[in-house]
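My notes follow in the order in which I looked things up.

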Amino acid sequence: LGTAVPGGSSLGLWKWGVNGVLVGRGLQGMANPPGATITNDYSQFTVDDDDADTDASVGGPTNLVFTGELSPNAVVFTETDGDLSSKLRTGASVAWNNVPDWATFGVSGLDQQTPDLSSVIQEIVNQGNWASGNALAIFVEGTGERTAESFEDIPAGAPRLIVDYSVGGSQIGRAACRERV
């Protein structure tokens, strides 16, 4: 479980059967400063394949869980067996239950936006060696199926991580970066 396959044209967010699938998203250049308090954070996906043609054996309700790699500067994923599943994970996790159907190719709206992931990102940036511009990794596991665009297929449609933060309790900033495995 957890082999990275770079260069894919879509990012499948699903798991079925006994072996399951683990999706890792590598995000380069996260520009929020050390010591920042994450006030809101979400991932925005763009539909790559509508759910209308989903096989009944993998379709239906979709429930996902997001965690992060507990590293202040995540390294690039490899194609080595077990690479993703061997990464140390954050204690924080966020469930996205009953993900709405993704019925229209190319849509990137509220139905494709995760719940607030700030607890996961805060745990990553709280590490002593975190620096603005470092890379981070987010993992997605769950049941059901949703398929998002990937950087390799349509860079402008790649998942985005949007992070709102404050520094010193008052200054608000926003950092965003696109997924690239």
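Which residue stands opposite Phe-66 in β7? I found Val-140 there.

Before going on, I note that this is a predicted model, in which local features need pLDDT of at least 70 and side-chain atom pairs count only at pLDDT 80 or more, while totals for chains, interfaces and linings use all residues. Residues are numbered from 1 along each chain as its sequence is written, and side-chain values use heavy atoms, with hydrogens and water left out.

Entry on the strand partners. I looked up strand β5 (residues 63–68) and found six bridges joining it to β7, the two running antiparallel. Strand β4 (residues 47–49) also runs antiparallel to β7, with two bridges between them. Here Val-47 has Ala-148 of β7 as its bridge partner. Two strands count as paired if DSSP finds at least two bridges between them.

Entry on burial. I checked β7 itself, residues 134–149: 14 of its 16 residues are buried, so the strand is largely enclosed by the rest of the structure. Buried means under 20% relative accessible area (1.4 Å probe, protein chains only). Across the protein chain, 46% of the 181 residues are buried.

Entry on the whole chain. Helices (H or I, at least four residues) and strands (E, at least two) are DSSP runs, numbered from the N terminus.

Last entry, on contacts (heavy atoms within 4.5 Å). Of those with a separation of 6 or more, 80% join residues 24 or more positions apart.

Note on methods. Buried means under 20% relative accessible area, exposed over 50%, partly exposed in between (1.4 Å probe, protein chains only).
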